[in-house]
Amino acid sequence: MTQMPSNNDWNLSQSYINEDSHLLNAREKSKELGLITIGPGAGALIRFLASTIDASNVVEIGTGTGVSGLCLFRGMNSAGVLTSIDSDPERQRAAREIFSEAGITANKIRLIAGRAIEVVDKLTDNAYDLMFINGEKLEYETLFEQSLRLLRPGGILIFNNILGEFSTSDAQAISAVSDKIKDDSRLISVMIPSGSGIIAASYRPS
């Protein structure tokens, strides 16, 4: 029988990696805008996953104020470019300032304002190392299908915010995409209860 971690152990795991002033500033800006951001533990996880494949080209759905983007950048290689999509231009303006303050040059970031399922439809096939999806739950199934078109073999797909209390429609959408990932023979997947829950999958097409 697996032993559940104590609250102290859980809190330690979620704060194991110290966050610098740029990440803390991004979190503070998120609070000002009423946004819920990816937590430190989950942020450390996506940073780690990006580093394991030496990611160069990454797509992020849900720019927010740049919290997850900074985490991804810290794991990507020095030549990496992040394409980040969000429907809210105000959030992206805040993220652009955060990225600039963190020393991330303009040629390393593509901020695209628009509806995610419309933007990703225009991105290049098999061109991306990692996709991090933290957007509208009702778009998750469509984004899943698009992700398999966009990822290169060996790329990593990450869905955030898949555990917790949701509206009925959002819960159904999350359940549907979770089942598709689990049952897809091209994917090696894992569900991790870090932060608000993450599903990560390695894309291994035959």
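Me: What joins β6 to strand β7, and how do the two run?

Reply: They run antiparallel, with six bridges joining β6 to β7 (residues 198–203). Two strands pair if DSSP finds at least two bridges between them, so these six qualify β6 and β7 as a pair. Strands here (E, at least two residues) and helices (H or I, at least four) are DSSP runs, numbered from the N terminus. This is a predicted model, in which local features need pLDDT of at least 70 and side-chain atom pairs count only at pLDDT 80 or more, while totals for chains, interfaces and linings use all residues. Residues are numbered from 1 along each chain as its sequence is written, and side-chain values use heavy atoms, leaving out hydrogens and water.

Me: Which residue is the bridge partner of Leu 187, and which residue of the hairpin takes a positive phi?

Reply: Leu 187 has Tyr 203 in β7 as its bridge partner. Between the strands of the β6 and β7 hairpin lie five residues, and Gly 195 takes a positive phi near 60° in this hairpin.

Me: What makes β3 and β6 the edge strands?

Reply: Each of β3 (109–113) and β6 (187–192) pairs on one side only. The open sheet has seven strands in the order β3-β2-β1-β4-β5-β7-β6, with mixed pairing. From one strand to the next, the twist averages 15°.

Me: How do β1 and β4 run, and what stands opposite Val 59?

Reply: Strand β1 (residues 57–61) and strand β4 (residues 128–133) run parallel and are joined by four bridges. Opposite Val 59 stands Met 131 in β4. Helix α4 (residues 67–75) packs on this sheet, touching β1, β2 (81–86), β3 and β4. Its direction makes about 165° with that of β1.

Me: Why are α2 and α5 called roughly antiparallel?

Reply: The axes of α2 (residues 21–32) and α5 (residues 89–101) cross at roughly 165° and come within 10 Å. Axes are lines fitted to C-alpha atoms, for helices over the stretch in contact, and angles run from 0 to 180 degrees between N-to-C directions. Angles under 35 degrees count as roughly parallel, over 145 as roughly antiparallel, 65 to 115 as roughly perpendicular and the rest as oblique. At roughly 165°, α2 and α5 are therefore roughly antiparallel.

Me: Which residues of α2 meet which of α5?

Reply: In α2, His 22, Asn 25, Ala 26 and Lys 29 meet Ala 94, Ile 98 and Glu 101 in α5 (contact means heavy atoms within 4.5 Å). Three of these contact residues are nonpolar, two polar and two charged. Ala, Val, Leu, Ile, Met, Phe, Trp, Tyr, Cys and Pro count as nonpolar, Asp, Glu, Lys and Arg as charged, and the others, Gly among them, as polar.

Me: Why does the label for α2 and α4 come out as it does?

Reply: Their axes cross at roughly 160° and come within 9 Å, and these two helices are therefore roughly antiparallel to each other. His 22, Leu 23, Ala 26, Arg 27 and Ser 30 in α2 meet Val 67, Leu 70, Cys 71 and Arg 74 in α4. That contact has five nonpolar, two polar and two charged residues.

Me: How do you know that the chain is as compact as a globular protein of its length?

Reply: The protein chain, with eight helices and seven strands, has a radius of gyration of 16 Å, taken over C-alpha atoms.

Technical notes:
The radius of gyration is taken over C-alpha atoms; the globule rule is 2.2 Å times the number of residues to the power 0.38.
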